[in-house]
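Colleague: Let's go through this model by question and answer. Keep it brisk, please.

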Amino acid sequence: MEKQNSAEYIINIKNLDLFYGKFQALIAVDMLAQKNMITALIGPSGCGKSTLLRCLNRMNDLIRGVIITGKIEINNLDIYSKSTDVTELRKNVGMVFQRPNPFPLSIYDNVVYGLRVAGVRNKTELDEIAEKSLRGAWLWDQVKDKLHHSGLELPLDQQQRLCIARLLAVQPEVILMDEPCSSLDPIATMKIEELMIELKKEYTIVIVTHNMQQASRVSDFTGYMLLGEMIEFDKTVNIFTRPSNKLTEEYISGKYG
Ligand SMILES: Nc1ncnc2c1ncn2[C@@H]1O[C@H](COP(=O)(O)OP(=O)(O)OP(=O)(O)O)[C@@H](O)[C@H]1O
Ligand SMILES: [Mg+2]
């Protein structure tokens, strides 16, 4: 891995172990993610990609019997420290899932949901943020005349962008995406990939993907995981053209996985 000034990093994972009961799903994982970059996690099914992603906003806290040791710092703050406000953390580190999960509410109410929960009542403010967030997710033109229709009426790709708009409304720094295109067709996938590249100007993105072409198209850094270990982490171009670990080479050349 090329040496870089650690001040550029927003996410710093150090020696992370995670157990689901007796089963160890993450083994001594180290990873650094740079600000305003897209970091991709790849590897065969069950290797721990989603588990690692969920650690970044403490979603694993919701699963019984999970034990985590090691450290994750975001902006130099230990997110597993007792003083961490988990609600704040999840606002700052938002997550987009495999299947779009809009709430059964109007498009508008979906986008401003987090703001309302935070107590914002001013209509002008809510309207402004709704428009800005929908524009940021490239959805404004498609929905501006039907903001009060249900979010569930939208086509799947627009539902996924609605979920992205809902995150943008609460101004996160980091966006986690767990296979965000796996339920979308190739054209919708391309649009989300283009959107990701636009979003990284303002946000830091960590994406899990099964699609190696996708990782190579959109990401700046890639981590290859296998059986709970981070086998190799490097610039995406290095991972896909000259990996230094034989296991990575075997995976990206399609020998298994
Ligand atoms: N809630 C859970 N309880 C127990 N074991 C779990 C739980 N979630 C995941 N695991 C196990 O942890 C390992 C890692 O799972 P994880 O979902 O993180 O893998 P993944 O790389 O995201 O896989 P996929 O590509 O199939 O989504 C797997 O062996 C899985 O069975
Ligand atoms: Mg997964």
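**Ligand shell, sheets and local geometry**

Modeller: The model is predicted. The residues of the shell around ligand 1 divide into 5 nonpolar, 7 polar and 1 charged.

Colleague: Which residues are the closest to ligand 1?

Modeller: The ligand is surrounded by 13 residues. The closest of them are Tyr20, Ser45, Lys49, Ser50 and Thr51.

Colleague: Which element gives the most to the shell around ligand 1?

Modeller: Two elements give two or more residues each: β2 (23-34) and α1 (49-55). The top contribution is 3 residues. It comes from α1.

Colleague: What is the radius of gyration of the chain, against that of a compact globule?

Modeller: The chain has 257 residues, arranged with 11 helices and 10 strands. Its C-alpha atoms fill a box of roughly 55 × 45 × 35 Å along the principal axes. A compact globule with 257 residues would have a radius of gyration near 18 Å. The chain agrees with that, at 18 Å.

Colleague: What share of the residues of the chain count as buried?

Modeller: Buried here requires 20 or more other C-beta atoms within 10 Å. Of the 257 residues, the share that count as buried is 40%.

Colleague: Why is strand β7 largely enclosed by the rest of the structure?

Modeller: Strand β7 covers residues 174-178. It is largely enclosed because, of its 5 residues, the number buried is 4.

Colleague: Which residues stand opposite Ile175 on the two sides of β7?

Modeller: Strand β6 (residues 93-96) pairs with β7 in the parallel sense, over 4 bridges. Strand β8 (residues 204-208) also pairs with β7 in the parallel sense, over 5 bridges. The partner of Ile175 in β8 is Ile205. Opposite Ile175 on the β6 pairing stands Gly94.

Colleague: What is the handedness of the β-α-β crossover from β7 to β8?

Modeller: The chain leaves β7 and passes through helix α8 (residues 186-199). It then reaches β8, and the crossover is right-handed.

Colleague: Is Val206 buried or exposed?

Modeller: Val206 lies in strand β8, where it is the bridge partner of Leu176. The C-alpha atoms of Val206 and Ala40 are separated by 5.8 Å, although the two are 166 residues apart along the chain. Val206 has 26 other C-beta atoms within 10 Å, and the cut-off is 20 or more. So Val206 is buried.

Colleague: How many bridges join strand β1 to strand β4?

Modeller: Strand β1 spans residues 9-20 and strand β4 spans residues 66-74. They pair in the antiparallel sense. One bridge sets Asn12 against Glu73 in β4. The count of bridges is 8.

Colleague: Which residue in the turn between β4 and β5 has a positive phi?

Modeller: Strands β4 and β5 (residues 77-78) run antiparallel, joined by 2 bridges. Glu73 stands opposite Asp78 in β5. The two strands form a hairpin with 2 residues between them. The turn residue with a phi of about 50 degrees is Asn75.

Colleague: Is Asn15 buried or exposed?

Modeller: Asn15 is found in strand β1. Its phi is positive, about 50 degrees, although it is not a glycine. It has 11 other C-beta atoms within 10 Å, and 12 or fewer is the limit. So Asn15 is exposed.

Colleague: What separates the C-alpha atoms of Val117 and Gln142?

Modeller: Val117 lies in helix α4 (residues 113-117). It counts as exposed, with 11 C-beta neighbours inside 10 Å. Gln142 is 25 residues apart from Val117 along the chain. Their C-alpha atoms are separated by 26 Å.

Definitions and conventions
Residues are numbered from 1 along each chain as its sequence is written. Chains are lettered from A and ligands numbered from 1 in the order in which they are written. This is a predicted model: local features need pLDDT of at least 70, side-chain atom pairs count only at pLDDT 80 or more; totals for chains, interfaces and linings use all residues. A residue is near a molecule or strand if its C-beta atom, placed from the backbone, lies within 6 Å of it. Ala, Val, Leu, Ile, Met, Phe, Trp, Tyr, Cys and Pro count as nonpolar, Asp, Glu, Lys and Arg as charged, and the others, Gly among them, as polar. Two strands pair if DSSP finds at least two bridges between them. A crossover is right-handed if, with the strands pointing away from the viewer, the path from the first strand over the helix to the second runs clockwise. The radius of gyration is taken over C-alpha atoms; the globule rule is 2.2 Å times the number of residues to the power 0.38.
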